Amino acid sequence: MSDKIKILIVEDEMVIAANISLQLTELGYEVIGIVPRGEDALKQIEINAPDILLLDINLKGALDGIETAKAMQKTHNIPIIYLTANIDDANFNRAKTTHPYGFIAKPYKKLDLQRTIELTISQITSETKTSYHTEPEHSESYILSDSVFVRHNNTMVKVNINDILYIEAERNYCRIYSKNREYLLVITLKDMDGKLPSKHFLRVHRSFIVSISKINEVSNTHIVIEKKAIPISKSLKEELLKRLQTI
């Protein structure tokens with residue numbers, strides 16, 4: 001399981017794109033693709049949406065970078081960082097309407113790239129609002145080593161992994177129960193199980209994943225977390241007991 005930030009590079013100068021990809025990889029990010037045109041970027045996003053979109057403004061083809069961003073934002077809410085050799089006032093004002101997280105001037109410096117990416121991640125994290133219940137439509141999530149982030153509209157909701165009690169399946173959604181709040185995510189329990197750190201969580205039933213350290217009681221047919229009785233499958237009970245012995 002990878003917890004790296006995923007970045008898609010949209011740049012029609014392949015030498016520049018390859019160099020950026022190398023620098024990002026060295027900085028510890030995961031480059032999930034390099035595409036030269038806006039139309040290609042939109043297709044790639046539907047297949048594998050990145051956490052950050054690094055987007056050249058002056059793309060060749062039917063869509064320039066700004067038009068690509070606007071098309072993307074009809075269905076996704078992915079933070080944008082623009083690449084540009086130069087930008088006039090008209091295009092700058094057009095770019096502002098897409099609410100980018102930053103601009104990187106070409107020829108770029110590695111330090112500028114690093115700082116802009118880090119500032120973008122910092123902004124995403126700090127945009128957590130006091131209302132933590134997310135609507136299912138168009139919401140996305142990604143999981144870092146210590147947090148679950150839920151993306152909805154222009155906000156990022158951060159849930160500390162240590163606060164999660166258990167997760168319950170609701171058809172194609174998952175509902176996270178933490179100490180104080182509930183969070184509804186558009187992700188299946190199976191996919192959630194594949195992303196969570198296994199040392200902290202265990203799927204104990206087709207409809208439940210639990211935080212092992214939060215278990216209060218274990219019986220023959222269920223476990224108890226914060227007065228909530230959660231069923232446990234016979235086939236998974238032995239694994240749970242082994243895990244409890246190692247804590």
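This is a predicted model: local features need pLDDT of at least 70, side-chain atom pairs count only at pLDDT 80 or more; totals for chains, interfaces and linings use all residues.
In what order do the five strands of the open sheet stand, and is their pairing parallel or antiparallel? The order is S2-S1-S3-S4-S5, and the strands pair in the parallel sense. Strands of a sheet pair through backbone hydrogen bonds, either parallel or antiparallel.

One pairing may be followed in detail. Strand S1, which covers residues 6-10, runs parallel to strand S3, which covers residues 52-56, and four bridges connect the two. Within this pairing, Leu 8 has Leu 53 of S3 as its bridge partner.

A helix accompanies the sheet. Helix H1, made of residues 14-26, packs on the sheet and touches S1, S2, S3 and strand S4 (80-84). The direction of H1 makes an angle of about 175° with that of S2.

The view may now be widened to the whole chain. Seven helices and 16 strands are found in the chain, which has 247 residues. Of these residues, 45% count as buried, that is, they have under 20% relative accessible area. The accessible surface of the chain comes to about 13,000 Å², and carbon and sulfur atoms account for 48% of that surface. Finally, the contacts between residues at least 6 apart in sequence may be considered: 53% of them join residues at least 24 apart.

How values were computed:
Residues are numbered from 1 along each chain as its sequence is written. Side-chain values use heavy atoms; hydrogens and water are left out. Buried means under 20% relative accessible area, exposed over 50%, partly exposed in between (1.4 Å probe, protein chains only). Contact means heavy atoms within 4.5 Å. Accessible areas come from the Shrake-Rupley method with a 1.4 Å probe; for residues, only the protein chains shown count as cover. Two strands pair if DSSP finds at least two bridges between them. Axes are lines fitted to C-alpha atoms, for helices over the stretch in contact, and angles run from 0 to 180 degrees between N-to-C directions.
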